[in-house]
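Please keep the sequence and the structure in view while reading.

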Amino acid sequence: MNSPAPNLPFQRIGVVGSGAMGRGIAQLFAQAGVPVRLYDANPAAVASAIAALHDTFAKLVDKGRLSPDAAQRARAALESVASLEALAGCDLVVEAIVEQLDAKRELFQALEPIVGDAAVLATNTSSLSVTAIAARCRVPARIAGLHFFNPVPLMKVVEVVRAMRTDETAVERLVALVRATGHRPVVTRDTPGFIVNHAGRAYGTEALAALGEGVADVEAIDRILRDQVSFDGNGFRLGPFELLDLTALDVSQPVMESIYRQFYDEPRFRPSVLGAQRLAAGLLGRKSGEGFYRYDAAGARVDARAEPAAPSVSVRPPVWIAPGPRATLVESAVRQLGGVVRNGAAPGEHDLVLVAPLGLDASAASRADAAGIDLPAERVVAIDTLFPIEPGRCRRRVLMTTPLTRSEYRDAAHALFASDGVPVTVLRDSPGFVAQRVIAMIVSIGSEIAQQRIASPADIDAAVRAGLGYPLGPLAMGDAIGAATVCEILGNLQALTGDPRYRTGGWLRRRAQLGLSLLHED
Ligand SMILES: NC(=O)c1ccc[n+]([C@@H]2O[C@H](COP(=O)([O-])OP(=O)(O)OC[C@H]3O[C@@H](n4cnc5c(N)ncnc54)[C@H](O)[C@@H]3O)[C@@H](O)[C@H]2O)c1
């Protein structure tokens, strides 16, 4: 047995449960040089985990990612044990057993008399209350959450969960341990979904809401979120429906429903009826061969459709741009694309009328209270300017028509905005297009996490970037767009829909009013 590095906060770690997570956790600690004892109720599971880990170490050596010496040390650090009693002498035990409250409570109650009083007991639960797991323990102060992501060695963030009665020293020791493994610890209060699964609610839920409202089809919504969203050129790697298909609906839908219920039906998390229906139909995603898309046995999509071609138009009407804070931006793009811009207080009789709303739909944006004068709805097309629209700076442009917009004006706008080869998606009329409502909800929920002091702004953003792979954390996203713009989108969404889901929280509003960064710690 090799001895651990002297500066590590724990000298011997027990891992209970040797499934997908337990073996990853054991690997991480063993590679960090801490002796690990791995236990599973099913002895065959431990044996196969140890064999798989030896295999992993060998592969890492082959790829040059681990030195032969380090692999040898990791192998030596790893020990399988056949009983819980063999975990006596561990000063930390991390459990990664089945996700059931009673099973986890019973395990910790059984462990308490085995380990010393100074030992810390941590749970890898994703969805249960750490406080509830600790409640039956003799020393609840030493129980905390240590929430890893799958696959553990590659997902470099770990949520350290401070339950109601967790001792601060336990939190600090776990933070130091995570740091010693090279992962990023983020400290979170024990609230449903902690940081990552809480902050991650907006993306799929809002996309499903847009789908349910008939704004666009699955593929169009995915394309928008993959291509239009751009923070310095970086967007979402997967569209929301691609992501739902990857995680599988039998995993995601229960998480969406449980977070919603645990926050006492908070409208921001209200799941879509579409998700429940699709789950009931067995349309789970990749693993069942069909979800939002269809897949072959190897998991490759079989129903990929080519981008719809831009319409060819013979007449290009002059363009009149409704006044407003975004008009200059639209005018510049139209001119660069070779469009003829008509100036004047009102549009000419045959002009294509462009509006650039934030949080409004094209119909509302063409009425006098938003546009100054009533605009001719049959010639109105809205363009989303939340992300760059100039040639060379965008990968997709998104338009929206009113229910009255005539097809020749829709096609003229589509052809104009596709004339540099950038694909265009045309939506049915809807407040906040797709990107505006999704991004505003990501910022809104991130801000609520900060408001409730579940975690610090820096930890919220770090957790979301590493845990969800977003181009920016929700609060940096808000800063990039401008908190005032986010508030405008949310305010208009709420005004038009009457849905309290879109209400602006006080934390976000105050920062918008004061011109303060959302990453400002107070
Ligand atoms: N899989 C993920 O993506 C993921 C991510 C984060 C957290 N988690 C959480 O991690 C935990 C484990 O998840 P997993 O995916 O590794 O599960 P898994 O089914 O792959 O492995 C669980 C292992 O625990 C063993 N086990 C069950 N009950 C036990 C008991 N009472 N005592 C000892 N061993 C027992 C099983 O034999 C099995 O080997 C769950 O709480 C889960 O919610 C999972």
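## Enclosed cavity

The largest cavity holds about 30 Å³ of space. The model is a predicted one. Across the whole structure, one cavity of 30 Å³ or more is found.

The residues lining the largest cavity are Glu213, Pro431, Arg437, Leu493, Thr497 and Tyr502. Sorted by class, this lining has three nonpolar, one polar and two charged residues.

## Largest pocket

The largest pocket contains about 1,400 Å³ of space. It is lined by 45 residues, of which Phe149, Asn197, Thr247, Val251 and Leu468 are the closest to its centre. The lining comprises 22 nonpolar, 19 polar and four charged residues.

Several helices supply at least two residues each to this lining: α1 (20-31), α7 (196-199), α8 (201-212), α10 (240-247), α11 (249-262) and α18 (457-468). The biggest contribution is that of α11, with seven residues. Domain 1 (13-190) and domain 2 (198-288) both give residues to the lining, so the largest pocket lies between them.

## Second largest pocket

The second largest pocket has a volume of about 470 Å³. Among its 19 lining residues, Gln27, Gln31, Thr56, Pro153 and Leu154 are the closest to the centre. Nine of the lining residues are nonpolar, seven are polar and three are charged.

Helices α1 and α2 (43-62) each supply at least two residues of this lining. The largest share comes from α1, which gives six residues.

## Aromatic pairs

The structure has seven aromatic pairs. One of them joins Phe29 and Phe148 edge-to-face, at 6.1 Å centre to centre and with 80 degrees between the planes. Phe29 belongs to helix α1 and Phe148 to the loop between β6 (143-147) and β7 (157-162), so this pair ties together parts that are 119 residues apart in sequence. Phe29 and Phe148 are both buried.

The ring centres of Tyr203 and Phe236 are 4.4 Å apart and their planes lie at 35 degrees, so this pair is tilted. Because Tyr203 is in helix α8 and Phe236 is in the loop between α9 (218-228) and α10, the pair links parts that are 33 residues apart in sequence. Tyr203 counts as buried, at 2% relative accessibility, and Phe236 counts as buried at 4%. Ring pairs also link Tyr203, Phe236 and Tyr470 into a cluster.

## Charge over a ring

The charged end of Arg511 is placed over the ring of Trp507, at 4.0 Å from the ring centre.

Definitions and conventions
Residues are numbered from 1 along each chain as its sequence is written. This is a predicted model: local features need pLDDT of at least 70, side-chain atom pairs count only at pLDDT 80 or more; totals for chains, interfaces and linings use all residues. Side-chain values use heavy atoms; hydrogens and water are left out. On a 1 Å grid over the protein atoms alone, a cavity is a set of points where a 1.4 Å probe fits but cannot get out, and a pocket is an open set with protein on both sides within 12 Å along at least five of seven lines; lining residues have an atom within 4 Å of a point. Grid points are joined across faces, edges and corners, and a volume is the space filled by probe spheres set on the points. Helices (H or I, at least four residues) and strands (E, at least two) are DSSP runs, numbered from the N terminus. Ala, Val, Leu, Ile, Met, Phe, Trp, Tyr, Cys and Pro count as nonpolar, Asp, Glu, Lys and Arg as charged, and the others, Gly among them, as polar. Domain bounds come from an automatic or database domain assignment. Rings of Phe, Tyr and Trp (its six-membered ring) pair if their centres lie within 6.5 Å; planes under 30 degrees apart count as stacked, over 60 as edge-to-face and the rest as tilted. Buried means under 20% relative accessible area, exposed over 50%, partly exposed in between (1.4 Å probe, protein chains only). A charge sits over a ring if NZ of Lys or CZ of Arg is within 6 Å of the ring centre and within 35 degrees of the ring normal.
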